[in-house]
Amino acid sequence: MTGDVTLSSGDRLADHAHDGRFVLLGRSPYGRFAQAARPLQHRIAYTSDPASDTSPPSLFVRPDGVISWATSRVTASSDDAVLKELGTAIQRWVGTH
């Protein structure tokens, strides 16, 4: 499955991947996923596109366009579990440096 979607701005997610970095699309209205990408921003491009009722899930997409993590859970009550899952995916695919 490839991770190119149209964002509410009219851009495509692939527009954020031209430099060869992983792309993290955060759908949380709270911007919670940005903190997971911040330490590795030289390897992860973060873009925020808060979810609507018809939005696809938040995505972590490899440079080759393959989705390596996704979640549709964006409520504050599920943030801790979702952030832990995202952290595991980032560590697996990107590492810690």
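## Strand pairing

Two strands count as paired when DSSP finds at least two bridges between them. In this predicted model, strand S1 (residues 22-26) and S3 are joined by three bridges and run antiparallel.

S1 and S2 pair in the parallel sense, over five bridges. Strands of a sheet pair through backbone hydrogen bonds, in either the parallel or the antiparallel sense.

## The sheet as a whole

The four strands make an open sheet with mixed pairing, in the order S2-S1-S3-S4. Strand S2 (44-48) and S4 are at the edges with a single partner strand each, so one side of each has no neighbour in the sheet. Direction ignored, neighbouring strands of this sheet are turned by 15° against each other on average.

S3 covers residues 58-61. Ser58 and Phe60 point one way from this strand, while Leu59 and Val61 point the other way. In a regular strand the side chains alternate between the two faces of the sheet. Are these four residues of S3 buried or exposed? Ser58, Leu59, Phe60 and Val61 are all buried.

S3 is joined to strand S4 (residues 67-71) by four bridges, and the two run antiparallel. Phenylalanine 60 has tryptophan 69 in S4 as its bridge partner. S3 and S4 form a hairpin with five residues between them. Glycine 65, in the turn, has a positive phi of about 90°.

## Nonpolar cores

The largest nonpolar core has 15 residues. Which of them have the most contacts inside this core? They are Leu24, Ile44, Phe60, Trp69, Leu86 and Ile90. S1, helix H1 (34-37) and helix H2 (79-93) are the elements that give two or more residues to this core. H2 gives the most, with five residues. Apart from this core lies another, of eight residues, which include Val5, Leu7, Leu13 and Val61. In soluble globular proteins, nonpolar side chains tend to be buried together.

## Contacts of tryptophan 69

Leaving aside neighbours within four places in sequence, tryptophan 69 is in contact with Leu24, Phe33, Ser58, Leu59, Phe60, Val82, Glu85, Leu86 and Ala89.

Definitions and conventions
Residues numbered from 1 in each chain as written. Predicted model: local features only at pLDDT ≥ 70, side-chain atom pairs only at ≥ 80, totals over all residues. Heavy atoms only, no water. Buried < 20%, exposed > 50% of the residue type's maximum accessible area, 1.4 Å probe, protein only. Axes fitted to C-alpha atoms, helices over the stretch in contact; angles between N-to-C directions. Core = buried A, V, L, I, M, F, W, Y, C linked by side-chain atoms within 4.5 Å. Contact = heavy atoms within 4.5 Å.
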